[in-house]
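The exercises below are to be worked with the sequence and the coordinates open. Each task is followed by a solution in steps.

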Amino acid sequence: MIRHIVFFTVPDRANLEAVRSGLSILTAIPHARLLEIGTNVKTDQLGTDVDLVVYGEFDDEAALAAYKAHPNYQLSIERVRPLREMRIAADYESAMAVREPV
């Protein structure tokens, strides 16, 4: 399984809900096992820059690619990109993740 995590910052707090709404379009794409849009509750004293998080789980790289090829993905980008500042994305294979001390 591929885990897909994307972090966003929204410099103008007045646009936070518009960005969240734009990201919510992604939840209608059928290729994810799970897709969530979360608002950072900012409890980490050192990491409060991130405003929104997209978290997705996909069966494999093909499912992730199909998700990114879906028209709703482009629609979300068109709505969100003008309003956000930072975007950092990471994908990893869950089966290869470290789950105990090495």
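Contact means heavy atoms within 4.5 Å. The model is predicted: local features need pLDDT of at least 70, side-chain atom pairs count only at pLDDT 80 or more, and totals for chains, interfaces and linings use all residues. Residues are numbered from 1 along each chain as its sequence is written, and side-chain values use heavy atoms, with hydrogens and water left out.

**Exercise 1.** Find which residues Asn-72 touches, and decide whether Asn-72 is buried or exposed.

Solution. 
Step 1. Locate the residue: Asn-72 lies in helix H3. Helices (H or I, at least four residues) and strands (E, at least two) are DSSP runs, numbered from the N terminus.
Step 2. Leave out residues up to four places away in sequence; Asn-72 then touches Ile-25, Leu-26, Ala-28 and Ile-29.
Step 3. Apply the accessibility classes: buried is under 20% relative accessible area, exposed is over 50%, and partly exposed is in between (1.4 Å probe, protein chains only). Asn-72 has 19% relative accessibility, so it counts as buried.

**Exercise 2.** Determine how the buried residues of H3 are placed around the helix axis, and what they pack against.

Solution. 
Step 1. List them: within residues 71-80, which form H3, the buried ones are Asn-72, Tyr-73, Ser-76 and Val-80.
Step 2. Look down the axis of H3: the buried residues fall within an arc of 105°, so they line one face of the helix. The arc is that of the directions from the helix axis to the C-beta atoms.
Step 3. Identify the partners: the buried residues of H3 pack against strand E1 (2-8), helix H1 (16-24), helix H2 (61-69) and strand E4 (87-93).

**Exercise 3.** Count the salt bridges and describe the one between Asp-51 and Arg-13.

Solution. 
Step 1. In the bridge between Asp-51 and Arg-13, the closest N and O atoms are 2.8 Å apart. The pair links distant parts of the chain, 38 residues apart: Asp-51 is in the loop between E2 and E3, and Arg-13 is in the loop between E1 and H1.
Step 2. Asp-51 counts as buried because its relative accessibility is 5%.
Step 3. Salt bridges join Arg-13, Lys-42 and Asp-51 in a network.

**Exercise 4.** Describe the salt bridge between Asp-59 and Arg-33.

Solution. 
Step 1. The N to O distance between the two side chains is 2.4 Å.
Step 2. This pair also links distant parts of the chain, 26 residues apart, with Asp-59 in the loop between E3 and H2 and Arg-33 in the loop between H1 and E2.
Step 3. Asp-59 is partly exposed at a relative accessible area of 45%, and Arg-33 is exposed at 54%.

**Exercise 5.** Describe the salt bridge between Asp-91 and Lys-68.

Solution. 
Step 1. The side chains meet at 3.9 Å, N to O.
Step 2. Asp-91 in strand E4 and Lys-68 in helix H2 are 23 residues apart, and the pair links distant parts of the chain.
Step 3. Asp-91 has 40% relative accessibility and counts as partly exposed; Lys-68, at 35%, counts as partly exposed.

Notes
A salt bridge is a side-chain nitrogen of Lys or Arg within 4 Å of a carboxyl oxygen of Asp or Glu.
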